[in-house]
Amino acid sequence: MRYKHHIEQAHASLKQRGIAYPEIDILEIWQDLLAEFDGGTGARACSEQELRRTALAFECNINPVWPMPHFNPVLQRLFESDLYLGIISNAQFYTPILVNLYLGHPEDDSEHIKGFESNLIYFSWKLARAKPDTWAFSQALKYLVKLDIQPHEVLFIGNDRLKDIYPAHHVGMKTCLFAGDQRSLRLREDHELVQGAEPDFIIDDLNQLLDIVL
């Protein structure tokens, strides 16, 4: 499949630049793919909005996503607290669009997500590197330390022991494994990096997060 071929080529190029866990910009992939099929002319004729719609439609068809139960009320409680909230995500341009949609802000197609600290949002497509790379986690801690928040006072929540629990544990954060969705839960028990990186908490309902942090 040419789509996967272009992604593999992009990954290989980034690895040659020394990035161990590379991430692509999906819009660049679609631009190259469309150019290949029409001899290099159609992609230039396509507007960015058309590229974004194509990429989003394709993603929604091959990888449908939905919010977990209690997603909105739990986040609203956290927004009302005095906590700093951030996101470190293997993501593309459509990730904040979908999160804003689920939070009730369908008109917001920016990279900002209301309620989250803008200096604590790290999306992989913007960095050209993906989790389990620890770079974004270290950058987040640098910002938090300036606010007199130490690594052990930070809780990182994720559903993947390799891409979430390992890098957060590696930089000294507390960790919480969300095991409430069997489709997305990734234990990676045989991967060497997760050995010794046990989560501090395991939850199967987002409401349990409030008991931990509030």
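Me: Before we start, what makes a stretch of space a pocket, and which residues count as lining one?

Reply: A pocket is an open set of grid points with protein on both sides within 12 Å along at least five of seven lines, and its lining residues have an atom within 4 Å of a point. Keep in mind that this is a predicted model. By that test, the second largest pocket is lined by His-6, Gln-9, Ala-10, Leu-14, Glu-23, Ile-24, Asp-25, Glu-28, Ile-29, Asp-32, Trp-125 and Ala-128.

Me: Which elements give two or more residues to the lining of the second largest pocket?

Reply: Those are helix H1 (2-16) and helix H2 (26-37). H1 gives the most, with four residues. The space in this pocket comes to about 160 Å³, and its lining has six nonpolar, two polar and four charged residues.

Me: What makes the other kind of space a cavity?

Reply: There, a 1.4 Å probe fits but cannot get out. The structure holds one cavity of 30 Å³ or more. The largest cavity has a volume of about 60 Å³. Of the 14 residues lining it, Leu-127, Arg-129, Ala-130, Lys-131 and Ala-136 are the closest to its centre.

Me: Where does the lining of the largest cavity come from?

Reply: Strand S1 (87-89), strand S2 (121-123), helix H7 (124-127) and helix H8 (135-146) each give two or more residues. H8 has the largest share, three residues. Sorted by class, the lining of the largest cavity has eight nonpolar, three polar and three charged residues.

Me: Why is Ser-124 called buried?

Reply: Buried means under 20% relative accessible area. Ser-124 has a relative accessible area of 1%, so it counts as buried. Ser-124 sits in helix H7. Leaving out residues up to four places away in sequence, Ser-124 touches Glu-23, Ser-89, Asn-90, Ala-91, Arg-129 and Ala-130.

Me: How do you know that the buried residues of H5 line one face of the helix?

Reply: In helix H5 (residues 71-79), the buried ones are Phe-71, Val-74, Leu-75 and Leu-78. Looking down the axis of H5, these buried residues fall within an arc of 95 degrees, so they line one face of the helix.

Me: What do the buried residues of H5 pack against?

Reply: They pack against helix H6 (94-102) and helix H10 (207-213). The cut-off for a contact is heavy atoms within 4.5 Å.

Notes
Residues are numbered from 1 along each chain as its sequence is written. This is a predicted model: local features need pLDDT of at least 70, side-chain atom pairs count only at pLDDT 80 or more; totals for chains, interfaces and linings use all residues. Side-chain values use heavy atoms; hydrogens and water are left out. Grid points are joined across faces, edges and corners, and a volume is the space filled by probe spheres set on the points. Ala, Val, Leu, Ile, Met, Phe, Trp, Tyr, Cys and Pro count as nonpolar, Asp, Glu, Lys and Arg as charged, and the others, Gly among them, as polar. Buried means under 20% relative accessible area, exposed over 50%, partly exposed in between (1.4 Å probe, protein chains only). The arc is that of the directions from the helix axis to the C-beta atoms.
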